Amino acid sequence: MEEQTPRRALGRGWLAVLLAGVLVGGAAGVLGWRTSTDGPPAEATTPAVAPRDVLAGLPTRLGPPPTLADLPTDREVGPAAFLYEVELPGDFDEATRTFRQRDIHLVTRSGGQFRAGRTPATLGPVHQSLSPDGRWLAVRRDGRWWIRDLAGTTERAVPTGYELWRWSTDSGSVVLAELSRSSRAFAVLSTGNGALRRLDVAGTPLTDAVTLVDGRHLVLVDLEPSAPDATAPPRLAVTVRDLDTSATRDVPVLRPGQLRPGESFNAIVPLLHGGGTPARIWVQVGRSDLEPSDQPEGAPAWPASALVGVDVRTGESAGRVDLAPAEKGSAELFEGIVGADVVLTRRTPGRTELVAVEPGGGNRRVLTTLPDVTRVLVPGGQW
């Protein structure tokens with residue numbers, strides 16, 4: 001097995017940061033809502049794309065081509081299927097404490113590949129993101145975010161001071177966050193016309209926007225933990241806010257009896273993932289007794305054992321996706337939600353498989369196979 005670098009150790013999806021300790025209930029809800037608008041309301045102008053088409057038709061195997069052209073700025077390339085970068089042994093230079101920069105490959109749904117940037121030389125995020133339909137590529141450069149239309153040449157600058165946060169499930173808009181030490185504010189930017197809609201949210205730095213459903217329903221969670229109560233079952237819920245009517249409702253993500261013996265979620269910072277069609281919220285749960293044998297002794301993390309989900313619209317359970325137990329040299333990593341599917345990468349010695357899972361029946365299908373070890377960014381996700 002090749003050497004481990006700090007970046008790989010940090011990026012392992014199966015080392016979900018599920019801290020050992022006493023479970024506390026995650027209180028959900030945000031108070032003091034008002035809405036103001038700068039310019040016309042955000043509109044979803046992106047043509048509808050069948051969710052399953054986003055990752056359909058990929059070749060059996062994918063890898064870096066002999067030559068890789070830069071993403072052109074003067075012509076369209078078509079919607080993206082995903083981004084990837086291949087990690088290699090010796091990427092980390094101990095002497096300089098820097099990483100060898102690698103190409104970030106953008107794979108279009110028609111099978112083309114372009115260089116969409118390079119990985120950073122220092123430890124940190126890559127700062128790239130794809131809209132759920134693959135049409136919009138967001139990149140942070142020169143201190144701000146830019147959003148490029150891959151079905152054209154339009155590029156929009158995100159207003160200074162905002163960070164790209166979450167995409168709308170219909171790709172017609174994106175949630176932006178304005179961060180400070182004492183508060184967190186949100187806005188919605190239309191991908192179609194660039195209009196900015198400010199959301200006056202009385203949020204704390206622990207208020208998180210999980211996803212935006214069809215440009216209208218903002219899903220939030222307050223990560224401020226309540227007082228520990230060893231006798232109460234763990235509780236996790238999100239607040240769904242209708243941006244047009246201001247109506248709110250709470251949707252439990254985790255119900256009594258859903259956790260299996262030995263399973264837990266990190267109640268201080270639960271690993272929540274949102275998106276898809278229909279829109280669902282998934283929480284990552286894990287088991288402390290499944291810690292991989294190849295991890296350093298005392299590593300303060302538990303591997304993820306499953307994803308448990310809820311349908312945002314109905315509040316009904318979206319089912320459960322069990323992850324294969326992590327073994328030395330292999331793992332199943334959660335990558336994102338595309339359409340109705342949960343997308344994983346399955347890492348085994350010598351290859352990485354991109355896998356789609358149907359939550360209802362648990363059926364898995366391999367979308368394509370990539371080199372070992374490959375990091376993948378699917379539509380709707382962010383590096």
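# Close-up views of a predicted model

View 1. Q284 is a residue of strand β21. The model shown in this and the other views is predicted. With a relative accessible area of 5%, Q284 is buried, because the cut-off for buried is under 20%. The side chain of Q284 makes a polar contact of 2.9 Å with the side chain of H273. N266 and Q284 are separated by 18 residues in sequence, and their C-alpha atoms are 8.5 Å apart in space.

**View 2. The largest nonpolar core.** This core has 22 residues, and those that touch the most other members are V219, V253, L272, I281 and V283. Two or more residues of the core come from each of β15 (207-213), β16 (217-222), β17 (236-242), β18 (248-254), β21 (280-287) and β22 (304-311). Which residues is V253 in contact with, leaving aside its neighbours within four places in sequence? They are L236, A237, V238, Q258, L272, I281, V283, V308 and V310. A second, separate core has 17 residues, including V54, F82, L354 and V376.

**View 3. The open sheet of β24 to β27.** The four strands of this open sheet follow the order β24-β25-β26-β27, and their pairing is antiparallel. Strands β24 (331-338) and β27 (364-371) are at the edges; each has a single partner strand, so one side of each has no neighbour in the sheet. From one strand to the next, the twist averages 25°. Strands of a sheet pair through backbone hydrogen bonds, in a parallel or an antiparallel way. Between β25 (residues 341-348) and β26 (residues 351-357), the antiparallel pairing runs over seven bridges. Within this pair, A356 of β26 is opposite V343.

View 4. Strand β7 (residues 128-130) pairs with β8 (residues 136-141) in the antiparallel sense, over three bridges. S129 has A138 in β8 as its bridge partner. The hairpin of β7 and β8 has five residues between the strands, and G134 in this hairpin has a positive phi near 80°. Strand β8 also pairs with β9 (residues 144-149), again in the antiparallel sense, over six bridges. Here W145 of β9 is opposite R140. How many residues lie between the strands in the hairpin of β8 and β9? There are two.

View 5. D142 is found in the loop between β8 and β9. Its phi is near 55°, a positive value in a residue other than glycine. Is D142 buried or exposed? D142 has a relative accessible area of 74% and is exposed, because the cut-off for exposed is over 50%. D214 is in the loop between β15 and β16. This residue is not a glycine either, yet D214 has a positive phi of about 55°. The relative accessibility of D214 is 39%, so D214 counts as partly exposed.

**View 6. Two cis peptide bonds.** T277 and P278 are joined by a cis peptide bond with an omega of about 0°. P278 belongs to the loop between β20 (272-275) and β21. Where is V373 found? V373 is in the loop between β27 and β28 (374-377). The peptide bond that joins D372 and V373 is cis, with an omega of about -5°.

Methods: Residues are numbered from 1 along each chain as its sequence is written. This is a predicted model: local features need pLDDT of at least 70, side-chain atom pairs count only at pLDDT 80 or more; totals for chains, interfaces and linings use all residues. Side-chain values use heavy atoms; hydrogens and water are left out. Two strands pair if DSSP finds at least two bridges between them. Axes are lines fitted to C-alpha atoms, for helices over the stretch in contact, and angles run from 0 to 180 degrees between N-to-C directions. A nonpolar core is a set of buried Ala, Val, Leu, Ile, Met, Phe, Trp, Tyr and Cys residues joined through side-chain atoms within 4.5 Å. Buried means under 20% relative accessible area, exposed over 50%, partly exposed in between (1.4 Å probe, protein chains only). Contact means heavy atoms within 4.5 Å. A polar contact is a pair of N or O atoms within 3.5 Å; within protein, one must be able to donate a hydrogen and the other to accept it, and residues adjacent in sequence count only if both atoms are side-chain atoms.
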